[in-house]
Amino acid sequence: MRKKVLLLSGSPRKGGNSDLLCGQFAKGAEESGNQTEKIYIQDLKIGCCRACYACRKSRLCVQKDDMELLLEKMVEADVIVLATPVYFYSMDGQMKTMIDRTLPRYTEIADKDFYFIATAAAGKKAMERTMDSLRGFTDCLPGAKVVDMIYGAGAYEKGEIENNPAMRQAYEDGKGV
């Protein structure tokens, strides 16, 4: 069955290490006949959640920015890939802001398969907090299933991930969607 795969690249650098892994995942998914769409969160206008909770009644955010369209895409997707570089042992700010802004419709991001991609100069152990934070998001989503987590450890400078085993893993995970 052809699936809609939504890849959310949190990297502030197009062609950065986490973004390259995102591309490998997309390549594998496309070769398996799936429909993919990669969105650079950095390119969107997404304001921080104001915690006004107006969305509790309307299921709409009072802020009129790009998050409304992104949320629709998240609800419609079958598979969601969250890719982020690791900054100070956590996901980057763009990814966290996007996650916080799912509040109006987070219960509708239901029954999805998720894949997490993280890259860091440090080793896998130093990336666990990031993966835990991403898992914290999916723990709040009805029926969410984390299928795999891709650790792009030991990649600091742009492009260093290219000879990393994580490139193959991202591609294979994409093929297996």
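Student: Which residues does Lys-145 touch, not counting residues up to four places away in sequence?

Tutor: Lys-145 touches Lys-112, Asp-113 and Phe-114. Contact means heavy atoms within 4.5 Å. This is a predicted model, where local features need pLDDT of at least 70, side-chain atom pairs count only at pLDDT 80 or more, and totals for chains, interfaces and linings use all residues. Residues are numbered from 1 along each chain as its sequence is written, and side-chain values use heavy atoms, with hydrogens and water left out.

Student: What is the separation of the C-alpha atoms of Lys-145 and Lys-112?

Tutor: It is 6.3 Å, although the two residues lie 33 residues apart along the chain. Lys-145 is found in strand 6, residues 145-153. Strands are DSSP runs of E, at least two residues; helices are runs of H or I, at least four; both are numbered from the N terminus.

Student: Why does Lys-145 count as partly exposed?

Tutor: Its relative accessibility is 48%. Buried means under 20% relative accessible area, exposed means over 50%, and partly exposed lies in between (1.4 Å probe, protein chains only). So Lys-145 counts as partly exposed.

Student: Which residues of helix 4 are buried?

Tutor: In helix 4, residues 93-100, they are Met-95, Thr-97, Met-98 and Ile-99. They pack against strand 1 (4-9), helix 3 (67-76), strand 3 (79-87), strand 4 (90-91) and helix 5 (128-139). Over the chain, buried residues make up 44% of the 177 residues.

Student: How many helices and strands does the chain have, and why is it called as compact as a globular protein of its length?

Tutor: The chain has 6 helices and 6 strands. Its radius of gyration is 15 Å, close to the 16 Å from the globule rule for 177 residues, so the chain is as compact as a globular protein of that length. The radius is taken over C-alpha atoms, and the rule is 2.2 Å times the number of residues to the power 0.38.

Student: How many cavities of 30 Å³ or more are there?

Tutor: The count is 1. A cavity is a set of points on a 1 Å grid over the protein atoms alone where a 1.4 Å probe fits but cannot get out; lining residues have an atom within 4 Å of a point. The largest cavity has a volume of about 100 Å³. A volume is the space filled by probe spheres set on the points, which are joined across faces, edges and corners.

Student: Which residues are closest to the centre of the largest cavity?

Tutor: Of the 15 lining residues, they are Cys-49, Arg-50, Cys-52, Cys-55 and Cys-61.

Definitions and conventions:
1 Å grid on protein atoms, 1.4 Å probe; cavity = no way out; pocket = protein on both sides within 12 Å on 5 of 7 lines; lining within 4 Å.
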